[in-house]
Amino acid sequence: MIRRDLIKQIAELAHLELTEEEIGSYTNDLRQILDYFRIIEELATEPTKAHPPAEESAPPLREDVACSFPGLAALLANAPRNRDGFFAVKKVIE
Amino acid sequence: MRIPDTAVEIARRCREGSLCPLDVVEETFARIEAAEPSVEAFLHVDREGARRRAKALIHQGPRSGERGLLYGVPLAVKDNICVEGSPLSCGSRILEGYVAPYQATVIEKILNAGAIVVGKTNMDEFAMGSSTESSAYKNTLNPRGSDLSPGGSSGGSAAAVAAGAVPLALGSDTGGSIRQPAALCGVVGLKPTYGAVSRYGLVAFASSLDQIGPLAATVSDSALLFAVIAGPDQRDSTSRPDEGPDSEDLLAALEEGIEGLRIGVPAQYLSSGVQGEVVCCIEQGLRFLQSRGALLVEIDLPHTAHAIPAYYLIATSEASSNLARYDGVRYGPRADAADLRGAYRATRRRGFGREVIRRIMLGTFALSAGYADDYYLEALEVRDLVARDFAEAFEEVDLIAGATTPAARIGLGEKTGDPLSMYLCDALTTPASLAGLPALSVPCGPSENGSPVGLQIVGRAGDEVRVLQAARTVERTRASS
């Protein structure tokens, strides 16, 4: 089921540049891992799946209040390039 | 200058004035220098910062309350937790040169309690691994054997404590990353209840599972650090509203014992896949608990074997989303390319190591159109079944105990070529992670081959106190046996 073209497509979605050799290697890795993971498919046929989901408590919410962040300069300093208080990247609009 | 080995004792003596924080810092650096050549636990050691901090602490008055619970205690921090002004790499090239611009909540709390951060510890890249070998920078060695891995992903923190370089360290646990290295290095590691400790300032791997927790040489030190870092935080929306325990009450409660507690022993944690030498030590640990008045009850956690697929599908799905932010725009080195998209792809290709790429690929696949129903959503249902197993068991018992790891040791390089066998190292730690429960590993070995072995104790959500009480009972009984 896991084929090279699928792995290429996944790498494209994940913004990863992979060599042909790496595509082959990750195809084998994912095939082996997902083969093992098929043990959870057995559960799909068991009646336990019909159980209602466990109760989940909603996370506590606080007021959404805007506040200033004092570390802006330190944040920008971590970027490879910044200009006029913004992260600088290559031109994306012609 | 000889300093005590435990954080409780260092803090007590520094508070009363019979020990000076600056002497503690100097002795700690001497210990780190002695241990590092054979352990390689640290990625960054901050000598000047720690000395400045110790001098500042000395000027704090001795009046009650001014000198905190961790006053003068040196502490190592896993390199995925923000310490303002210190480098943070997550063991990855993609964060090379990054300096944390703010303080994690746990760091604010330990500093308010008087602790001294001495350095950042090595880890598997982005906490993805069980041997610390996926770090882009170096391998950490297990102080119990130079050909052994310390486990992972908090291998640097566990090894630093096991080597006696520091009494306390912070780690993070997503599927066992505190408990497993604690077991393999012979120290105590606690993964608190999901939400008990703020994750603000922890670099996200899998947000529905990540938790920060203590690694320490003793149960009391683990309890002390847990009491300091626990509690609600408005900056973490998954933070539990209940206040953390009072430290003095908690330390006193540790000595109360476990008379009459019902402890469930799941067959799955002592059976297939668990090595014989591990089983022997775990059975001895269980006898320790029984000898102090606990009632052992056989229980069944039928979906234990399904936890690994569920965990790895959920964790990698969340990781594929969390790690999308590393594109060379805001942090780390940026690779050059003809256009922005090309720069993203080349930056990620160069910055991420093999295991991180493998997991991003797996997670992207599990979430992709046409496959999400069969993988990600199926895994969420299995997660629910695993949580139900625990919920049903906790109707009958107060705690659950079994092995932390299937094997007592991992040789260096033993599993790096076989990702699935590395994933299976987490077979017994991922279930409690999926259920969000507090779980701790306490030494109960050594095995017949001299390796440390960890007894895992799991409690109900929010019941760290009983987990720590049982661990203290094992520790005390083992010391006297």
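Colleague: Which residue in E6(B) is the bridge partner of Leu170(B)?

Modeller: This is a predicted model, in which local features need pLDDT of at least 70, side-chain atom pairs count only at pLDDT 80 or more, and totals for chains, interfaces and linings use all residues. Residues are numbered from 1 along each chain as its sequence is written, while chains are lettered from A and ligands numbered from 1 in the order in which they are written. Strands (E, at least two residues) and helices (H or I, at least four) are DSSP runs, numbered from the N terminus. In E6(B), Leu170(B) has as its bridge partner Pro214(B).

Colleague: How many bridges join strand E4 to strand E6 of chain B?

Modeller: Strands of a sheet pair through backbone hydrogen bonds, either parallel or antiparallel. Two strands count as paired if DSSP finds at least two bridges between them. E4 (residues 168-173) and E6 (residues 211-216) of chain B run antiparallel. The number of bridges that join them is six.

Colleague: Which are the edge strands of the sheet in chain B?

Modeller: Eleven strands form an open sheet with mixed pairing. Their order in chain B is E1-E3-E2-E4-E6-E5-E10-E11-E9-E7-E8. An edge strand here pairs on one side only. The edge strands of chain B are E1 (42-45) and E8 (295-299).

Colleague: At about what angle does helix H16 of chain B run to E11(B)?

Modeller: Angles run from 0 to 180 degrees between N-to-C directions; axes are lines fitted to C-alpha atoms, for helices over the stretch in contact. H16 (residues 464-480) lies across strands E5 (188-191), E9 (399-403), E10 (439-443) and E11 (454-459) of chain B. To E11(B), the helix runs at about 155°.

Colleague: How many C-beta neighbours does Gly195(B) have inside 10 Å?

Modeller: Gly195(B) sits in the loop between E5 and E6 of chain B. A residue is buried if 20 or more other C-beta atoms lie within 10 Å of its own, exposed if 12 or fewer, and partly exposed in between, with C-beta atoms placed from the backbone. Gly195(B) counts as buried because its number of C-beta neighbours inside 10 Å is 24.

Colleague: What separates the C-alpha atoms of Gly195(B) and Pro232(B)?

Modeller: Along the chain, these two residues are 37 residues apart. Their C-alpha atoms are separated by 8.0 Å.

Colleague: Is Asp84(A) buried or exposed?

Modeller: Asp84(A) is found in the loop between strand E1 (82-83) and strand E2 (86-87) of chain A. Its phi is near 55°, a positive value in a residue other than glycine. With 5 other C-beta atoms within 10 Å, Asp84(A) is exposed.

Colleague: Is Thr132(B) buried or exposed?

Modeller: Thr132(B) lies in the loop between E3 and H5 of chain B. Phi of Thr132(B) is near 65°, again positive in a residue other than glycine. With 34 other C-beta atoms within 10 Å, Thr132(B) is buried.

Colleague: What is omega near in the peptide bond from Gly445(B) to Pro446(B)?

Modeller: Most residues other than glycine have a negative phi, and most peptide bonds are trans. Pro446(B) has its place in the loop between E10 and E11 of chain B. The bond from Gly445(B) to Pro446(B) is cis, with omega near 5°.

Colleague: Which helix gives the largest share of the side of chain B that touches chain A?

Modeller: In all, 47 residues of chain B are in contact (C-beta atoms, placed from the backbone, within 7 Å) with 35 residues of chain A. Helices that give two or more residues to this side of chain B include H10 (307-322) and H11 (340-351). The largest share is eight residues, from H13(B).

Colleague: What pattern does chain A follow along the sequence?

Modeller: Chain A has three helices and two strands. Read along the sequence, the pattern of chain A is α-α-α-β-β.

Colleague: What pLDDT does chain B average?

Modeller: pLDDT is the predictor's confidence in each residue, from 0 to 100. In chain B, 99% of the residues score at least 70. The model scores ipTM 0.93 and pTM 0.96. The average pLDDT of chain B is 96.

Methods: Two residues are in contact if their C-beta atoms, placed from the backbone, lie within 7 Å.
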